[in-house]
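Open the model in your viewer and keep the selection panel at hand. The stops below are meant to be taken in order.

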Amino acid sequence: MTRNQSGTGFMACMACLVLGCASASPAAPAKDSCVECHSNMEGALRAPVTDYANDVHSRHGFSCADCHGGDRNADDPEGAMSPAKGFKGHITRAAVPALCAHCHSDATLMHRFKPQQRVDQLALYLTSVHGKRLAAGDTAVANCVDCHSVHNIREVKDPLSPVYPLKLPETCARCHANAVHMAPYKIESNQFAEYRTSVHWEALSKRGDLSAPNCASCHGNHGATPPQVASAAEVCGTCHVLFEEMYNKSPHQPAFAAMGAGGCTICHGNHGIRKPGIAMLAGAGSVCGQCHDATSAGGAAATQMAGLLTKLDNALTQSDAILNRARDSGMEVSEPILRQMEGREALVKARVAMHAFQAAAVAKPVAEGLAVAADTRRAGERALQDRNGRRVGLALSLVTILVTMAGLWMAIRSLESKAPAVPKPAGR
Amino acid sequence: MASALRPKGLGWLDERLGLSALREFTAHKTVPLHSATVWYYFGGITLFLFTIQVLTGVLLLLYYRPSPTEAYESVQFIMTRVQFGWLVRSIHSWSANLMILTAFIHMFSVVFLHSYRRPREVTWLSGLVLLGLALGFGFSGYLLPWNKVSYFATKVGTDMAATVPVAGHQVARFLRGGADVGGATLTRFFGFHVAVLPGLTTLLLVVHLGLVQRHGMSSPPWSEGRKLDQMRFFPNFFLRELMAWYAALAVLGSLAALFPWELGEKADPFAPAPAGIRPEWYFLAPFYTLKLIPSHVWRIEGELLGLMGFALLAAWWVLLPFWASDSRGTLRTRWVTGAGVALMAYLVTFSLLGYFR
């Protein structure tokens with residue numbers, strides 16, 4: 001290669017690098033006079049600019065003017081905030097849902113950003129208690145920004161979003177746990193406190209199970225409304241399908257329906273649902289005992305079901321204890337331990353069947369579970385017997401080995417008494 | 001004619017096998033007597049445990065099936081359905097661990113008694129290769145039950161091989177029989193465990209034992225110039241060795257009966273690695289050392305740096321007989337003893353740290 005050729009090559013490389021860098025650099029940001037001015041302000045006038053940097057709308061290229069109107073390209077405040085250019089200024093609370101819906105109810109527009117996103121939020125909101133009250137002129141009720149925040153709106157899947165499943169109960173509680181705010185509506189403000197004692201909250205907050213029910217799971221989100229008494233069982237049944245099926249076959253269903261009482265909530269409560277147990281069926285303080293006298297047919301059925309469930313639970317617990325003892329002794333009992341799961345499944349089935357409130361329905365899965373528990377218990381007992389047998393065998397073997405070693409030692413002594421182990425070295 | 005062909009006891013065998021030469025050899029074979037004679041038994045105990053391994057291994061082979069779908073179940077079958085299968089499997093696993101322990105004791109006794117010195121350099125080298133093969137037996141056998149812990153320990157072990165420059169990835173791929181630990185790895189490890197390693201070990205054992213007979217038992221250097229008492233190998237030392245074997249058998253039986261070797265849960269390649277995964281105790285010291293090394297030291301990957309360090313350490317240890325003497329042939333006993341103590345302290349301390357942390 002000649003000197004000239006190498007020089008040309010070098011220039012070509014440099015040109016490529018420069019062009020490459022230029023093409024890789026991001027496009028210059030579009031002018032936004034709202035941001036330019038409000039960035040230089042203080043306090044509440046500057047906050048929207050700071051917050052908006054993290055807003056999902058900012059990421060998709062929306063600017064202040066898309067909601068507030070005005071001209072982002074104007075250099076002077078008068079031009080930028082000119083009513084002639086559609087400047088709306090502060091958005092009133094009553095106007096918020098319609099403003100958001102301007103884009104969020106536009107299927108064509110939303111499809112550009114999130115093809116899977118629903119576009120019926122406003123329609124649902126208008127059916128909600130919040131929406132109805134807002135339409136009636138009550139601006140103190142929740143609108144879009146009360147739950148999703150404003151200028152700092154994040155996607156639902158963002159853990160910092162106020163409507164992220166783990167945060168949603170606290171977001172609802174901002175209003176619903178405020179006794180002063182709830183007083184005019186005659187709504188209690190203890191729901192959040194109760195919810196935090198429930199199994200649902202435990203699953204959500206302690207186990208981090210994002211599919212566990214929060215407020216919106218039962219009440220809906222945009223169409224938030226208190227479940228009507230008659231629909232309570234159906235609300236629970238969206239997750240607890242089999243329980244609902246059993247309940248609908250039970251004598252309680254028509255009775256509660258005739259009374260106009262909710263299904264599941266009668267026994268389990270609503271917001272503060274605790275871990276259910278056999279104690280709910282029978283004994284002092286049982287839930288069944290609140291309506292059924294112990295001597296009545298219902299009371300007897302409850303006692304019978306409690307007895308069956310207790311029997312199976314105890315049998316499985318005893319088998320577990322024996323199998324664990326065998327396993328801790330080093331015995332191979334993984335098969336019966338695995339089989340125990342069948343017994344536990346039978347217990348779950350029996351607990352589900354209990355919601356038909358007929359002892360016969362519970363007896364079948366209990367009998368299946370008891371058969372499993374008996375089998376696994378026998379397997380555990382056999383393993384423990386084997387373990388004891390091994391120990392006896394070991395003791396006998398050790399005795400035999402020790403006797404043999406003693407015999408060897410005596411043989412050595414006898415041998416060396418006749419001929420010494422250490423032969424005299426030559427010349428010594 | 002028929003009476004001429006009839007065997008006449010040992011004479012008949014002697015004529016054909018030359019037993020009298022063997023008798024003559026054993027009659028003259030002696031073992032030096034001194035304060036550290038007891039350490040001579042550990043070579044024999046290691047050999048005894050190896051024999052147990054071979055016998056129990058053959059019994060396990062009758063039922064074991066080397067495939068991911070059947071390996072775990074076949075070991076479970078051995079432990080629960082086969083008469084005394086639990087005992088055979090437990091003895092196989094415990095004797096493997098005891099064998100590696102006694103092999104290490106044997107190696108350190110050779111170091112501290114300075115038995116590696118001229119003319120026993122090749123005996124030392126063959127012994128170290130045998131120790132390496134024993135570790136190979138441990139590594140390959142660990143995977144065979146195809147349980148969760150062994151699966152992930154093998155994954156970690158073969159991942160380490162992949163960090164070696166140039167041929168690391170090829171070695172890891174060769175060991176695994178593919179990109180990841182799977183059915184092909186199990187089949188390969190089974191092949192190594194029951195064919196390749198036993199073949200090599202038998203060959204090396206013959207060499208090692210042959211050299212021990214060729215050079216006789218070594219006396220420690222501090223006895224040089226003195227005439228040590230010698231014990232007849234047969235029957236006096238042999239009967240004592242037999243007692244040691246019985247003692248080893250008692251320990252082995254007790255461990256197998258009181259602490260049967262666990263089977264654990266079946267391996268699930270799609271499950272996340274269990275917390276606190278660690279290798280067998282004899283790999284704990286290097287494993288813990290690698291954990292302590294930062295991910296990068298200067299521009300070198302920490303794991304690679306650790307492996308290079310181990311390779312240098314191993315090479316230095318293998319060459320012990322050659323640097324143990326100075327240019328005039330004087331043995332550097334203090335250096336070697338110091339090195340032995342340092343290595344033993346490192347192995348014990350880091351193994352304990354690796355186990356408890």
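The tour goes from the chain contact to a helix pair and then to a single helix.

This is a predicted model, in which local features need pLDDT of at least 70 and side-chain atom pairs count only at pLDDT 80 or more, while totals for chains, interfaces and linings use all residues. Residues are numbered from 1 along each chain as its sequence is written, and chains are lettered from A and ligands numbered from 1 in the order in which they are written.

**Stop 1.** Select chains A and B. Here 24 residues of chain A are in contact with 27 residues of chain B (contact: C-beta atoms, placed from the backbone, within 7 Å). On the chain A side, α22 (334-353) and α23 (359-418) each supply at least two residues (helices are DSSP runs of H or I, at least four residues, numbered from the N terminus). The largest share, 15 residues, comes from α23(A).

**Stop 2.** Select α22(A) and α23(A). Their axes, lines fitted to C-alpha atoms over the stretch in contact, are 8 Å apart, and the packing angle is about 165 degrees. The two helices are therefore roughly antiparallel (an angle over 145 degrees, on a scale from 0 to 180 between N-to-C directions). To see where they meet, show residues including P336(A), G343(A) and A350(A) of α22(A) with A361(A), G369(A) and A373(A) of α23(A).

**Stop 3.** Select residues 85-112 of chain B, which form helix α6. This helix has 28 residues and reaches 40 Å from first C-alpha to last. Of its 28 residues, 21 are buried (20 or more other C-beta atoms within 10 Å of the residue's own). Just after α6(B), select H114(B), where phi is positive, about 55 degrees.

Technical notes
Two residues are in contact if their C-beta atoms, placed from the backbone, lie within 7 Å. Angles under 35 degrees count as roughly parallel, over 145 as roughly antiparallel, 65 to 115 as roughly perpendicular and the rest as oblique. The expected span of a helix is 1.5 Å times one less than its number of residues. A residue is buried if 20 or more other C-beta atoms lie within 10 Å of its own, exposed if 12 or fewer, and partly exposed in between; C-beta atoms are placed from the backbone.
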